[in-house]
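The following exercises concern a protein model and are each followed by a worked solution. Please examine the sequence and the structure before starting.

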Protein chains: 2
Amino acid sequence: MIFFKIMLFVKDMPDLIREEDTTIKVPDSQDLTRKAEVFYNPEMKFNRDLSCLVLAEDFKSRIKKRDSYTVCDSMAASGIRAIRYFKELEKIERKFKKKIFAIWLNDIKKDALDAAKKNLKLNRIAGKKIVLSNENAKTLFSGNRFDFTDIDPFGSSVYYLDSFFGNSMHNGLLAATYTDTAPLCGTYPNTCLIRYFAKPARIDNMHEIGLRILIAKTNIIAAMHEKTYSPLVSFSRRHYFRLFGRAKKSSKGTIKEHLNNIGYMLYCKKCMERKFVGLELFSQKDKCSCGENYDYAGPLWTGNLNDSDFCDRLIPCANDEKMKEFIEMLAEESRNGGICYSIHELAKKTKKDVLKTGKLISVLQKQGFNASCCHFGGHFVKTDKMLNGKEYGKIAH
Amino acid sequence: MIFFKIMLFVKDMPDLIREEDTTIKVPDSQDLTRKAEVFYNPEMKFNRDLSCLVLAEDFKSRIKKRDSYTVCDSMAASGIRAIRYFKELEKIERKFKKKIFAIWLNDIKKDALDAAKKNLKLNRIAGKKIVLSNENAKTLFSGNRFDFTDIDPFGSSVYYLDSFFGNSMHNGLLAATYTDTAPLCGTYPNTCLIRYFAKPARIDNMHEIGLRILIAKTNIIAAMHEKTYSPLVSFSRRHYFRLFGRAKKSSKGTIKEHLNNIGYMLYCKKCMERKFVGLELFSQKDKCSCGENYDYAGPLWTGNLNDSDFCDRLIPCANDEKMKEFIEMLAEESRNGGICYSIHELAKKTKKDVLKTGKLISVLQKQGFNASCCHFGGHFVKTDKMLNGKEYGKIAH
């Protein structure tokens, strides 16, 4: 047993990977690069760690009142995530002295499913708590619903949302990965329009805009099926977006109100002024306070990206400091509302000093606004003050 | 054998219904009102007649070059439509001396499928040309694709579009019915927002707006699956919308261009001025030429609702004059572009005379604009002139 990064250089070592208390074997037929891609991506350990925290929190909040709890890993690949989920939930069951969960492990690829089976055996997991299937995730969702559903494709989860919401469980939790950051961040705006019917923006807070486009699109599809999707934890990291949220069967009135959180972000390319507006774009003035025309991005989610209370409950359960800090940041940025700005970019536009993030935050707070760091980067500030070049210029020298 | 309307009053007659060369039996277990709803709706004969024309035209255009042609009636109910399709295609096969078609007859209800089986027998249809299945249409579409797919639910076809386009055949023809006219025509705008993420308008051309919202939504879902949907025949009649169009696998460039046909309709409640604008609403001036604020509807399809050339090819095949006239009207209104206006409403707003439709059309044409009747009603004019109260007032007295 050996860590992956070392294994990459020690080809004669057995192909075993250990992550937390889970061991998996990567099939021999795959070369190492391909293995990393398809079966075990060490970059995704962080994602799996956080997913385990979210799942555990949801399970703990339900175990007392429930007789069953179902989890679906719809694209299981090597099975590592499902196995980690299994061990996580087993720990909680031992604590609560109650056995209720079952994990559905699915992959459309027969090869992957075979590998997952071997890995289940390697981890001594067997019995009624595991259901295996070899289906298209869309077909799986049409016929089955789960308390916790994980969609983790290469590319976009958007293709599975209609099937998911068409049959989702009330209060079911959805975990979805999107690796198509280039369209969502505005490198390929046509692809973003085609796939999400939304306009991205290739500007400093492009990752924030990408996340907001995804939450809006998820809600548009949910609404069609008379459901709402409420974000719990949403983040952008390296080359992927990951979104956790709750699907709820809702009344039309509630859905309508929920959809009021979808609108557009108007932004000025010249002075960086930006603001959220509702769907009724055409009644907005099209000029920035600097006199330039606004451009826009959206439709996008103008509400919170994270449920701060939910995030707060995850923090004490996190094993390492980096994870704690990350979740604290998510909680913090969603407590305050507002939009993100790159301080580097503000300084560049205005030819002023680059203020330290903490300094800018404290000035904004003294002015009576909410302001915080955000997870998009250390040089970002998130504030409900409508910042722009002029305002930044007044603060920096 | 007896027609349905008479049958309603002659309860002791056998439950046989004849439509064109097709006979069907309505199961005894159903009371007559329910029968009409679920199994045989005589109001829909017109719809079936037109559907047969569209199917026949598509089949004729392909039979020479193809070795197979598949039709799917995904919600077959009594089977009457599928049986009529069968007889229609058989006639064409006899003419071309080639046997290539097969019809997939599906219904999620076991009862309906049993009734359909009896009706197939009654019409002496058996053999390899018929495939029967008892599935959810979404599941059916996920695993199968057809040259001609018919979706005819009670309510909206929108729930099936993702599954359809996710696996649709290149150049496959889609026939879809929508009976949710109240949301689409603005009686229930919240439901329209929730279901279609679009804003309808409860004004005189509400049916036109409803159709345009449907074509836009169909294209938004098609685009996600890297396809376009090009309308062939689209109409509103009594309490339903019916849309025929072609799904094409397309390049991103083509899809982007195709989506340029989606935008909004700005309209003035005071003077009836209305115009199409692109998606970039916020750069539009928000005032009507009369000084009032515009309201808007959409996103909606601003392109043609019908393919005039395709419609022209249907006309000589139609059996009765009413059908010929109806299709001629569809062809005509889509040759000219523009938006529909109720002349009654223009007269009411301006307190001027109600001009005869022909008279108004000829005046508009003399002014150099395109103008025609349209199928939404005899008192409607469709024109690419931006009509409003002031302009109408100049023409009427």
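Contact here means heavy atoms within 4.5 Å. The model is predicted, so local features need pLDDT of at least 70 and side-chain atom pairs count only at pLDDT 80 or more, while totals for chains, interfaces and linings use all residues. Residues are numbered from 1 along each chain as its sequence is written, chains are lettered from A in the order in which they are written, and side-chain values use heavy atoms, without hydrogens and water.

**Exercise 1.** Describe the interface between chain A and chain B.

*Solution.* 
Step 1. Count the residues: 37 residues of chain A are in contact with 37 residues of chain B.

Step 2. State the buried area, that is, the accessible area (1.4 Å probe) that two parts lose on being put together, summed over both. Between chain A and chain B it is about 3,500 Å², and carbon and sulfur atoms give 68% of this.

Step 3. Count the salt bridges (a side-chain nitrogen of Lys or Arg within 4 Å of a carboxyl oxygen of Asp or Glu). There are two between chain A and chain B. One of them joins the side chains of A:Asp162 and B:Lys138, at 3.2 Å from N to O.

Step 4. Assign elements, where helices (H or I, at least four residues) and strands (E, at least two) are DSSP runs, numbered from the N terminus. Those giving two or more residues to the chain A side include α7 (158-166), α9 (189-196) and β12 (295-301). The largest share, five residues, comes from α9(A).

**Exercise 2.** Characterise the pairing of β8(B) with β9 (240-249) of chain B, and the helix lying across both.

*Solution.* 
Step 1. β8(B) and β9 of chain B pair in the antiparallel sense over ten bridges.

Step 2. Within this pairing, B:Ser236 has B:Phe241 in β9(B) as its bridge partner.

Step 3. Helix α10 (206-224) of chain B lies across β7 (172-178), β8 and β9 of chain B, at about 160 degrees to β8(B). Such angles run from 0 to 180 degrees between N-to-C directions, with axes fitted to C-alpha atoms, for helices over the stretch in contact.

Definitions and conventions: Pairing = 2+ DSSP bridges.
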